[in-house]
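Visitor: Could we go through this structure together? I would like to begin with the strands.

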Amino acid sequence: MAQVMLKALNKKYDEVHAVKDVNLHIRDKEFIVLVGPSGCGKSTTLRMVAGLEEITAGEIHIGDRLVNDLPPKDRDIAMVFQNYALYPHMTVYDNMAFGLKMRKFPKPEIEKRVKDAAEILGIQELLKRKPRQLSGGQRQRVAVGRAIVRHPQVFLFDEPLSNLDAKLRVQMRVELKKLHDRLETTAIYVTHDQVEAMTLGDRVVVMKDGWIQQVGEPLELYGQPTNKFVAGFIGSPAMNFVDVGINEANGSVVAEAQGLRLTVPPGRAGGLRPYKGQQVSLGVRPEDVHVATAADPAHLAFDANVEVVEPLGSEILLDVRVGRATIVARVEPSVRVKVHEGVRLAVNGDRLHFFDAKTEQAI
Amino acid sequence: MIIERRWKKWVYFYIPLTLFVIGTLFPFYWMFVTAIRPDAELYRSWRAVNNAPFWTLAPTLDHFRDLLNKTTFPQWLWNTFFIAVVSTIISLFCGLLAGYALARLKFPMAGTLGTSIFVTYLVPPTLLFIPLADIIRNFQLGNTPWALILTYPTFLIPFCTWLLMGYFKTIPKELEECARIDGATRFGAMVRIIFPIAVPGILSAGIFAFTLSWNEFIYALVFLSSPEKKTVPVGVVSELIRGDIYFWGQLMAGALLGSIPVAVVYSFFVEYYVTGLTGSVKG
């Protein structure tokens, strides 16, 4: 158990600058998730922590040791790979025992640890089998088991659930979370799936093009994204963006687009005043758009034309057109609307997000 | 429909396959028949009344007896075996390390080095034996097995390197990364994880190298001169063809005995051999 510090971490391949000035303090026992689209540098960062990639510049500390020049075997970490990387010529038992044998643990100790880990993961009956005789989910468990028998200071997960089918993925996600609560080992988890990131992470690091975009607890990322990328990446369906012009009318700030005229609540107006006469990007999450009722103030409502209705049972997703923009609204399942009909919608004024059109930073 | 399919299967599959099998196996059959045919039948005119060129009515083992007693054939067999085994071991060892390095390690000019190793394989032995003969003479290795043991790797190492490099590339690199995190050094991961997984590839490379050196002709012909030092392919040809006299029976008996070890090696490892050429582990 240890904290992990990344200081001004950089990785350059010949032409590509894959990781740029990453600074991150991962606390002891924390489960931290690196998330981002492919090629954002998340896996490279993880592999540098593991010692599988050389560090171009910067420092990595595990516990109180600087590990930049330590080979992987001396970093006291364990890693679970996307393709599980089980040794095909060894039995499950030997796979799990390999790390302990390499570290010259006495035989009884190895046996005890493997048995314990197998029990935690429910794979006691599989110990004598070879990896090729296992299903995807079982291989996944063995790979996790091989990591936990070592009692390492840090767990590294490189998209461990990506090769599983959707149902199994949800199940393993829950198990990984339980496992972390039980073992309380610091974990760094890489994924491109924002749902995994939100559900597993104590804190989530969103990356893009080698830069860290935002670090925060899941709900913090969801509620207060610092830029348009994070806002659009976190949440499903994704946040709606509409280009709006900022104007002032009767002392209040108004965001306008074709077919849309919203009065910004006074609390949010201050930051937008400097943008008067300019275009900004308005972001609103699908669940913050609802069918307007009498209780909704007129200055937060607008008329839209329904293009697609997607009933999901617990909710309905409406794809509607407002002027030139398309917006997704997540509404109650009781709402009855038909395609090509008009519908009056309203937004939750406190939950509007505005982003600078050029820098894409939150206003 | 079914009838039509069966008809097509015959035309496109069974008949061509039968012709192919006959074409491939006939020389071996001819070799076998000639080896057990008495001399009287062998040298009979084709127009003789009772000529039966495709089989024999009086099989004999005389040719084998003569081959083993009157020539140094057993010695040739041993020479060939010794040379083939030692040069295969040398080539496999170098090929393993070079193939691993080219497949896995990042170092400058790795690609160029890989290509140039392959290019050396393309230089025909008919050109290469001239400079090699000079080297052999300078080191006074002529007419010793070492002349061949040291020259065969010139084509065996590139071959093994490329075959093994291709095989190593099919093994997911996460396996050894995982081993390195688990506590192995790079070398340890190579020996404990990669080599055991690569056994089919290593066996194929070994079999191929063994066969190539077993059958090699031109270097053996050039570098060895005393009859008792020769290998099977050269010995049979040079000692059993005297001027324009062909000792067909003994020639074919020698060819038959000489091809048995190769056939045995192949059939023994055929399953490994196929997986070695088609790729490695799944999952």
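Visitor: How many bridges join strand S1 of chain A to strand S4 of chain A?

Guide: Five bridges join S1 (residues 4-12) to S4 (residues 57-62) in chain A, and the two strands run antiparallel. Please keep in mind that this is a predicted model.

Visitor: Which residue in S4(A) stands opposite Met5(A)?

Guide: The residue opposite Met5(A) is His61(A).

Visitor: And in what order do the four strands of the open sheet in chain A come?

Guide: The order is S2-S1-S4-S5, with antiparallel pairing. Strand S2 (17-26) and strand S5 (65-66) of chain A stand at the edges with a single partner strand each, so one side of each has no neighbour in the sheet.

Visitor: What holds paired strands together, in general?

Guide: Strands of a sheet pair through backbone hydrogen bonds, in either a parallel or an antiparallel manner.

Visitor: Which helix packs on the sheet in chain A?

Guide: Helix H1 (residues 42-50) of chain A does, touching S1, S2 and S4 of that chain. The direction of H1(A) makes about 115° with that of S1(A).

Visitor: Let us move to helices H2 and H3 of chain A. At what angle do they pack?

Guide: H2(A), residues 92-102, and H3(A), residues 107-121, pack at about 130°, and their axes are 10 Å apart. That angle makes H2(A) oblique to H3(A). The crossing of H2(A) past H3(A) is right-handed.

Visitor: Which residues make that contact between H2(A) and H3(A)?

Guide: H2(A) contributes Tyr93(A), Met96(A), Ala97(A), Leu100(A) and Lys101(A), while H3(A) contributes Ile110(A), Arg113(A), Val114(A) and Ala117(A). Seven residues of this contact are nonpolar, none are polar and two are charged.

Visitor: Now chain B. How many of its residues are in contact with chain A?

Guide: 16 residues of chain B are in contact with 19 residues of chain A. On the chain B side, helix H9 (173-182) and helix H10 (186-197) are the elements that give two or more residues. The largest share, seven residues, comes from H9(B). By type, the chain B side has nine nonpolar, three polar and four charged residues.

Visitor: Into which domains is chain B divided?

Guide: Chain B is divided into domain 1 (6-60) and domain 2 (70-282). Their centres, taken over C-alpha atoms, are separated by 33 Å. Seven residues of domain 1 of chain B are in contact with six residues of domain 2 of chain B.

Visitor: Which helix gives the most to the domain 1 side of that contact?

Guide: H1(B) gives the most, with four residues.

Conventions: Residues are numbered from 1 along each chain as its sequence is written. Chains are lettered from A and ligands numbered from 1 in the order in which they are written. This is a predicted model: local features need pLDDT of at least 70, side-chain atom pairs count only at pLDDT 80 or more; totals for chains, interfaces and linings use all residues. Two residues are in contact if their C-beta atoms, placed from the backbone, lie within 7 Å. Ala, Val, Leu, Ile, Met, Phe, Trp, Tyr, Cys and Pro count as nonpolar, Asp, Glu, Lys and Arg as charged, and the others, Gly among them, as polar. Two strands pair if DSSP finds at least two bridges between them. Axes are lines fitted to C-alpha atoms, for helices over the stretch in contact, and angles run from 0 to 180 degrees between N-to-C directions. Angles under 35 degrees count as roughly parallel, over 145 as roughly antiparallel, 65 to 115 as roughly perpendicular and the rest as oblique. A crossing is left-handed if the near helix is turned anticlockwise from the far one by less than a right angle, and right-handed if clockwise. Domain bounds come from an automatic or database domain assignment.
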